[in-house]
Amino acid sequence: MKLQDMYQEIILDHYRNPHGRGLRDPFDAEVHHVNPTCGDEVTLRVKVDGDTLTDVSYQGQGCSISQASVSAMYDLVVGKSVPEALATGEDFMRLMQAKGDTSVADELEDTLEDAVAFAGVSKYPARIKCALMSWMALKDASARAWGGPAA
Amino acid sequence: MTATATTPATGRTPLPLDVEAVRADFPILGRTVRDGKRLVYLDSGATSQKPRQVLDAERWFYENVNAAPHRGAHQLAEEATEAYEAARATIAAFIGAQPDEVVFTRNTTEAINLVAYAFSNAVTAKEPEFRRYAVGQGDEIVVTEMEHHANLIPWQQLCERTGATLRWLGLTDEGRLDLSDLDTVVNERTKFVTVTQQSNILGTMPPLAPIIARAHEVGALVMVDGAQSVPHQPVDVAALGADFLVFSGHKMLGPTGVGVLWGRAEVLDALPPFLTGGSMIEVVRMEGSTFAPPPQRFEAGVPMTAQVIGLAAAADYLTALGMEAVQAHEEALTGYALEQLQAIPGVRVVGPADTVARGGAISFVVDGIHPHDVGQVLDDQGIAVRVGHHCAWPVVRRMGVPATTRATFYVHTGYDDVDALVEGVRHAQRFFGVDGGEEVR
């Protein structure tokens, strides 16, 4: 097991130059999530138009994995419908539960784009929660902002 | 009691303990981690490793004596009771206490909660003798900003239950305890003061004597949190002069699941119970019950007997090494580590920068690398440290850092471990492409 498997260059790039960072108006819901064991935190806002996530904006502090994860998530979900974004979150969860099984990463490569680089994190149980924090925040904010498909 | 207020230790002074001989007693230090690397265990502050002598003592109890102490009339019960009480005497002697003043709890956290709940149980106790230490509106409880969550939240909760007010002593920018307002924070309304003997994150050892003197001057009780001090330095409750001392077995080479509340006999006598049930009673009737004297009053249920036996073996092990030698050993390592770490550009120690009035918990931050990531790179080299806020969130907030990486030392730690840490931090800087805080790629 190599440390480089977790700290992929693509992850470090997102950490150093995060995409979409900053809190923006207007927004429909804002949530604050923390990782109480290590102090990582993210404040995340979503703007929903119809059922489309038109913006996800955020601010946070924490380790490279947690901060790169929210940046990669931003790229993936903005412009998608809320159900599509949440489904992508489920795929990311599967990737985190793969325990380093590369076939899961291969299968999800097209849907997860840059975020598939987090596959190596699944080999470090203590870090999985770092990668998942922003996805949990997105799920929470989406639920508050979007009531579900129109009847 | 604290031999640290002398010239700061620097360089590689000879270590008082024979590190190789001590390491041979710790089976776990023989294993490798992360693809065959030697385990460099610098996380004793979270929990210590266990020498064979402690493991053997637990095994001896289960294989030869196992029975519930203070119950039953059979031979095993007698022997178990004898072993349990002999262990209590050994552990009491380790801190210069009388056996009846030593109460076994699950850990430091439970020992602190025991006292906090006893204070609020005193409010509603039907027995007049148990109301002596009741707290309520108008009363004040004093903590410090340096406390572990275990010595903060029970007091926040006590105040919420009883209407008492929580006050605290703050920190200086260097991570020392700020005593400038001691006489106003601790005042005639103060009923209870609690303070750590060594910060688990900063390593700071606050001056206890003036705090204890001031508390007693206003008639308040004082608790000392010894979780990070009792394992690492000689502590004598008579010299300390506090009313309570709490510590954990698992941080002093003992098993998990056993901790100690020491209380002055007169104070314990006046405290109502926390947990109730079997073996803490005097007479039980359907209409109501009376309670045993301390320490049994605070030990409901079958106790963690094997763990108490193991903890006594740990106390014996430390006594054989000599607690002065243990303290001097760690002070030498701490001086060397502080010097070496602070020589790395981009590394900043969070807490006192020298060994004056300081123990061996060293927290640091590395510019450009989050503490979590520093810990991960160290782990990849077989070096176990702790990362995060170390259950002392107000401390990291006060010190203006999001989290820290923390190394802690113990009896098996040698200069080779410190060198591994220092090289590991430099490796982390190379790995993340930061050097002296400047990104180089």
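**Reading a helix, a sheet and a domain**

Student: Which residue follows H12(B), and is its phi positive or negative?

Tutor: Gly382(B) follows H12(B), and its phi is positive, near 85°. Keep in mind that this is a predicted model.

Student: How do I read the burial of a helix?

Tutor: Start with the general idea. An α-helix has 3.6 residues a turn, so residues three or four places apart point the same way. Now the case here. H12 of chain B spans residues 371-380 and is mostly covered. The count of buried residues is 10 of 10.

Student: Which residues of H12(B) are buried?

Tutor: Among them are Pro371(B), His372(B), Val374(B), Leu378(B) and Asp380(B). Gly375(B) and Gln376(B) are buried too.

Student: And how do I read a sheet?

Tutor: Strands of a sheet pair through backbone hydrogen bonds, either parallel or antiparallel. In chain B, four strands form an open sheet, ordered E13-E14-E17-E16, with antiparallel pairing.

Student: Which strands stand at the edges?

Tutor: E13 (347-350) and E16 (386-388) of chain B do. Each has a single partner strand, so one side of each lacks a neighbour in the sheet. On average, neighbouring strands of this sheet are turned by 30° against each other, direction ignored.

Student: How many bridges join E13(B) and E14(B)?

Tutor: Four, in the antiparallel sense; E14 of chain B covers residues 362-366. Val349(B) has Phe364(B) in E14(B) as its bridge partner.

Student: What does UniProt place at residues 6-130 of chain A?

Tutor: The unreviewed entry gives "domain: NIF system FeS cluster assembly NifU N-terminal". In the model, this span of chain A is 44% helix and 22% strand. Its end C-alpha atoms lie 12 Å apart.

Note on methods
Residues are numbered from 1 along each chain as its sequence is written. Chains are lettered from A and ligands numbered from 1 in the order in which they are written. This is a predicted model: local features need pLDDT of at least 70, side-chain atom pairs count only at pLDDT 80 or more; totals for chains, interfaces and linings use all residues. A residue is buried if 20 or more other C-beta atoms lie within 10 Å of its own, exposed if 12 or fewer, and partly exposed in between; C-beta atoms are placed from the backbone. Helices (H or I, at least four residues) and strands (E, at least two) are DSSP runs, numbered from the N terminus. UniProt positions are given in the numbering used here, feature names are shortened, and annotations may be inferred rather than shown by experiment. Two strands pair if DSSP finds at least two bridges between them. Axes are lines fitted to C-alpha atoms, for helices over the stretch in contact, and angles run from 0 to 180 degrees between N-to-C directions.
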